[in-house]
Amino acid sequence: MASSPPPTFLREAELRLLRCTLPTAASRPPVPSPPPLHPLGPVAASALAAVELGDYAAALASAVRHILRASASTEADHDSPAQFYAHLAAAVEVFLLGDVGGAVDEGFECRCALVLSAAVAALLAFTQHNVTGPSRKYSSFPCFSTSSLDERWYSDPGGKWEAWASHHLASFGSHVHGKFSLLQFIVFAELLLTSIKSLDSDFWSVSWWLCRLSMSQQNILDELSSSLFDKVQVHKNKMLTRFGELERVSSYWGSFLCDGEGASLVTTALLEAGLAEYKYGWVDASRLHLDSAQEACGIHLSLTGILGFRTVHQVDAKSQMVLIAKTTKPAADEGQSTELTGAPGDVLALRKTRSSVPGESDEFCDILRTPLLAQDVNDSNSGSTQILLTPVQQAAVLAQCLHVSRRSRSDEMSGWEMAPYIESIDSQDDSCYVVRSLCDVLRIRWESTRSRTKQRALLMMENLVEDISKEFPVASERARLVFAVHMPTLPALRKEYGELLISCGLLGEALNVFKDLELWDNLIYCYRLSGKVADAVSLINTRLSITPNDPKLWESALALNSLYPDGWFAYGTTAWKAKDLEKALDAFSRAVQIDPENGEAWNNIACLHMIRGKSKASVQSFREAIKFKCVSPPIP
């Protein structure tokens with residue numbers, strides 16, 4: 001690349017796109033600079049503005065029609081998603097380089113800003129549909145119809161292209177768990193971001209968006225993926241190198257930053273790094289990042305005991321665990337707010353219903369949501385001593401709460417250790433949408449383990465699921481800090497709702513939830529609990545005809561009839577193919593217990609013992625296999 005002054009328009013575009021996932025600045029950001037005097041300048045500015053407003057469909061439509069002009073796609077590509085995406089990758093590369101071979105000029109800035117806006121729009125659209133809501137109608141394919149391509153290309157009869165995207169994402173070693181929509185948007189966003197990254201240019205925010213994209217992929221898979229872990233580590237380390245220190249952030253964006261915005265960027269980067277380590281079980285590394293995030297946002301957390309009341313009818317005050325949050329600067333000086341956009345009536349209604357707890361829920365529960373401290377009762381005129389926390393500080397508190405849950409034992413006491421963190425967020429007047437939602441999710445998980453609060457937890461969950469589909473808050477507000485909190489995906493949240501319904505004995509409603517999510521294992525379990533064995537058998541047979549190598553289906557089938565030796569053998573075979581040697585050995589052992597003359601099962605047992613280095617057990621099993629004249633190579 002030829003040496004040239006920093007691309008100011010592109011650098012400002014990077015910051016504006018990152019702002020879409022940060023809390024609203026308390027001070028108004030400066031008026032965006034006018035776009036470069038280039039034909040693509042107004043197009044790039046329009047796409048940026050659409051992303052900021054949460055109109056991701058408009059941003060994609062604005063960008064894609066220009067990107068696809070260089071595509072070499074043919075009508076045959078409609079039947080081959082892999083071939084189409086290969087041509088699309090080449091088209092993006094041609095578009096980015098332009099006519100001057102990628103020289104940093106006004107046209108290059110506009111092209112890069114346009115592609116980056118399209119990538120961010122695709123990722124945030126996927127996040128809106130599958131994490132924050134509300135759902136809206138999108139094309140199943142991110143490349144909306146253009147004048148150069150027939151509109152029928154983007155129809156997806158039978159979900160063929162979505163199935164291809166699901167298989168593509170599953171190639172990381174796990175399977176997409178649950179019913180997700182707009183999976184192609186993930187593939188499309190990754191293609192665009194990778195194309196920008198391949199340029200010999202210094203665009204800092206691309207590594208951050210790639211880290212977010214990789215974590216979004218991991219969150220929809222049923223198991224942790226080692227290949228995705230490697231990607232996350234690479235992108236995370238590069239992100240922290242660039243955004244982990246305030247000095248580097250300030251030097252990169254300079255006067256583009258609002259007051260306190262640099263600290264917010266650093267804190268958010270550290271929080272996301274900590275959550276990534278938490279996801280993969282690296283507790284110590286996660287703790288270091290979370291502690292650094294607290295230091296960056298100027299907050300110090302400590303637990304103490306204060307006399308108070310936990311129930312309505314409690315007479316004597318007892319010690320209550322309370323979180324003490326000390327800040328190095330007032331919330332008003334942090335440069336953040338939770339300003340809401342929308343109709344005045346909607347804003348007022350939302351402020352009155354910040355939590356998913358319905359007002360009448362406490363009539364059914366004598367347990368207070370937050371302890372009533374004795375010092376507040378004795379001095380009612382002193383006013384509240386609660387410290388107001390900024391949105392990013394609240395996110396840091398909840399991240400610490402998750403860390404407590406990971407390091408603690410899994411019993412009722414672990415919920416009480418998390419309680420002070422949850423209650424500290426509940427006591428805040430204003431919070432970002434995802435921060436408040438995650439706080440409610442954590443409270444639901446805690447209260448659902450106690451019989452005295454389980455009904456309130458169910459009411460909270462019902463309201464939370466219903467609120468997600470409402471139009472307000474708008475999509476742009478729901479995206480604030482969405483990657484900085486460990487918010488479950490909508491299918492995962494609804495699965496928790498179904499499991500909570502089962503624990504409350506509401507099997508009929510749980511059946512409808514699992515049917516809609518296409519979670520067949522949970523649906524079969526519901527059929528079994530409700531005594532609908534015939535329906536369970538029919539569903540198992542239907543699913544086995546489609547996915548005969550699914551170990552979980554065989555587990556469900558054998559739960560209905562555990563005396564079927566061929567079923568145990570089939571289960572062992574699928575478990576072996578899935579590299580679960582422990583379950584495979586157990587299944588083949590159960591097969592020979594029922595049918596001792598099953599020589600093939602004995603042979604597989606011998607091979608598994610050989611793989612695990614147990615030669616003596618392997619020889620004994622081979623003798624049994626020879627006795628029944630069955631010695632064959634192990635399952636590949």
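Predicted model: local features only at pLDDT ≥ 70, side-chain atom pairs only at ≥ 80, totals over all residues.
The side chain of Asp516 forms a salt bridge with that of Arg494, with N and O 2.5 Å apart.

Lys179 sits in the loop that runs between helix H6 (160-170) and helix H7 (183-197). Leaving aside residues up to four places away in sequence, Lys179 is in contact with Pro491, Asp516, Leu517 and Glu518. The C-alpha atom of Lys179 is 7.9 Å from that of Leu519, although the two residues are 340 residues apart along the chain. With a relative accessible area of 43%, Lys179 counts as partly exposed.

Side chains of opposite charge can pair when their charged atoms come close. Here the side chains of Glu496 and Arg445 meet, with an N to O distance of 2.7 Å. Glu496 is in helix H20 (residues 490-503) and Arg445 in helix H17 (residues 433-447), which places the partners 51 residues apart in distant parts of the chain. Arg445 has 34% relative accessibility, so this residue counts as partly exposed.

Across the whole structure, a search finds 22 salt bridges. Among the others is the pair Lys470 and Asp467, whose closest N and O atoms are 3.0 Å apart. Lys470 is partly exposed, its relative accessible area being 45%. Salt bridges can also join into a network, as they do for Arg369, Asp426, Arg436, Arg443, Glu447, Arg450 and Arg456.

Turning to helix packing, two packed helices are described by the angle between their axes and the distance between the axes. For H20 and helix H22 (residues 520-529), the angle is about 10° and the axes are 12 Å apart. Because angles under 35 degrees count as roughly parallel, H20 is described as roughly parallel to H22. On the H20 side, the residues that meet H22 are Lys495, Glu499 and Ile502. Their counterparts in H22 are Asn522, Tyr525, Cys526 and Leu529. Sorted by class, this contact of H20 with H22 comprises four nonpolar, one polar and two charged residues.

H23 contributes Val533, Ala536, Val537, Ile540, Arg543 and Leu544 to the contact, while H24 contributes Leu553, Trp554, Ser556, Ala557 and Leu560. By class, the contact of H23 with H24 is made up of nine nonpolar, one polar and one charged residues.

Terms used. Residues numbered from 1 in each chain as written. Heavy atoms only, no water. Contact = heavy atoms within 4.5 Å. Helix = DSSP H or I, 4+ residues; strand = E, 2+ residues; numbered from the N terminus. Nonpolar A, V, L, I, M, F, W, Y, C, P; charged D, E, K, R; others polar. Salt bridge = Lys/Arg side-chain N within 4 Å of Asp/Glu carboxyl O. Buried < 20%, exposed > 50% of the residue type's maximum accessible area, 1.4 Å probe, protein only. Axes fitted to C-alpha atoms, helices over the stretch in contact; angles between N-to-C directions. Parallel < 35°, antiparallel > 145°, perpendicular 65-115°, else oblique.
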